[in-house]
Amino acid sequence: MKLKLIISMVLVAALFMIPASADLFDDMNAAVPEYNEKIDQVPGTLRGILADQHVVLAVYMNNAEDETTGGPEFDVALSPGPYVTESGVTMKVVAITDSDASAVDFGRWSELDAEYNWDGVPFAETIIVTTNEDTARALLDSESPGEVFLEAYDNGLITIESAEDASITTKIYLAIMPLVMKLYALVG
């Protein structure tokens, strides 16, 4: 069961830890098909949490010049936390998952138009993931990203929250997610 948890966390990390700079972003883009191929290895409870979501990932950057600009006004409230960097600048990424939690699209906030549409489809965030560049890079560089994800999550370096307008189901799922993750870890 512990192996399932680690595989699950690797897949969650692959979806949420979209890297902060252009070259790393391109690497993640290339890895999305592998994530989608392995999504069936994620336990159903966690997969249910990730299914049918519009995700915003805000990565606090080490260097203010690394921010991507453009797109509509970013009006998503970010929680304060230990992941906030000195630059205070975030790179914003968006992802959409389907009913089996596969990533069907992801890109930069700047790809949204002024009406918050992405390729003509309305984007309304349901999940907000916040971290910093160092944590995102640690996940990408790790031999065991599931463990890195769990440690960073437990230490508050990654937060996963429901957006203000998320459904009540998403809010409940995200409220119980820490408990579910701990239970999976204990069973393994």
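This is a predicted model: local features need pLDDT of at least 70, side-chain atom pairs count only at pLDDT 80 or more; totals for chains, interfaces and linings use all residues.
Local features are reported at pLDDT of at least 70 and side-chain atom pairs at pLDDT 80 or more, whereas totals for chains, interfaces and linings use all residues. Residues are numbered from 1 along each chain as its sequence is written, and side-chain values use heavy atoms, without hydrogens and water.

Five strands form an open sheet of mixed pairing, in the order β3-β2-β1-β6-β7. Strands (E, at least two residues) and helices (H or I, at least four) are DSSP runs, numbered from the N terminus, and two strands pair if DSSP finds at least two bridges between them. The edge strands, each pairing on one side only, are β3 (103–108) and β7 (159–162). Strand β1 (residues 54–60) pairs with β2 (residues 90–97) in the antiparallel sense over seven bridges; Val56 has Val94 as its bridge partner in β2.

Ile96 also belongs to strand β2. This residue is buried, with a relative accessible area of 14%; buried means under 20%, exposed over 50% and partly exposed in between (1.4 Å probe, protein chains only). Not counting residues up to four places away in sequence, Ile96 touches several residues, including His54, Val104, Trp118 and Phe123, contact being defined as heavy atoms within 4.5 Å. The C-alpha atoms of Ile96 and Gln53 are separated by 5.7 Å, although these residues are 43 residues apart along the chain.

Turning to the helices, Tyr173 lies in helix α6 (residues 168–187). Tyr173 is partly exposed, with a relative accessible area of 30%.
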